[in-house]
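Have the view open as you read.

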Amino acid sequence: MSKICQITGKKAMSGNNVAHSNVRTKRKFNVNLFTKKFYWVEQDCWIRLSISAAGLRLINKIGLDAAIKNAADKGYLGA
């Protein structure tokens, strides 16, 4: 399972750990990602999404149907 949000498209970024001596080593900034089941009223079914915390806030704000429609238009939602 890839670490990509299906609603917002967020994925892991790379960066550096910077020590006190200014030595830099590569690190990864992962997404706050979890799997959640939603009841999709328009389709009368349960769906399981891998979403970030920001994706969950977006669903709470604009609704599940609108969030899925936006994600499908942008290509974040898998087939």
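1. A word on naming first: helices (H or I, at least four residues) and strands (E, at least two) are DSSP runs, numbered from the N terminus. With that settled, Arg57 belongs to helix 1, which covers residues 53-62.

2. Keep in mind that this is a predicted model, where local features need pLDDT of at least 70 and side-chain atom pairs count only at pLDDT 80 or more, while totals for chains, interfaces and linings use all residues. Residues are numbered from 1 along each chain as its sequence is written, and side-chain values use heavy atoms, with hydrogens and water left out.

3. Back to Arg57: is this residue buried or exposed? Arg57 is exposed, because its relative accessible area is 65% (buried is under 20%, exposed over 50%, partly exposed in between, with a 1.4 Å probe and protein chains only). Arg57 and Phe34 are 23 residues apart in sequence, and their C-alpha atoms are 13 Å apart in space.

4. Now the strands. Strand 1 (residues 13-18) runs antiparallel to strand 2 (residues 24-29), with six bridges; two strands pair if DSSP finds at least two bridges between them. Gly15 has Arg27 in strand 2 as its bridge partner. Five residues lie between the two strands of this hairpin, and Asn22 in the turn has a positive phi of about 70°.

5. Strand 3 and strand 4 (residues 45-52) are also paired in the antiparallel sense, over eight bridges. Across from Lys36 you'll find Leu49 in strand 4, and across from Tyr39 there is Trp46 in strand 4. This hairpin has four residues between the strands, and Asp44 takes a positive phi near 55°.

6. Tyr39 sits in strand 3 (residues 33-40) and counts as partly exposed, since its relative accessibility is 38%. Together with Val41 and Trp46, Tyr39 makes a nonpolar surface patch of about 370 Å². For patches, residues need over 30% relative accessible area and no salt bridge; like charges are joined within 9 Å, nonpolar side chains (Val, Leu, Ile, Met, Phe, Trp, Tyr) within 5 Å. A salt bridge here is a side-chain nitrogen of Lys or Arg within 4 Å of a carboxyl oxygen of Asp or Glu. Areas are Shrake-Rupley with a 1.4 Å probe, and for residues only the protein chains shown count as cover.

7. Finally, charges over rings (NZ of Lys or CZ of Arg within 6 Å of the ring centre and within 35 degrees of the ring normal). The charged end of Arg27 sits over the Phe29 ring, 3.9 Å from its centre. For Lys37, the charged end is over the ring of Trp46, 5.5 Å from its centre.
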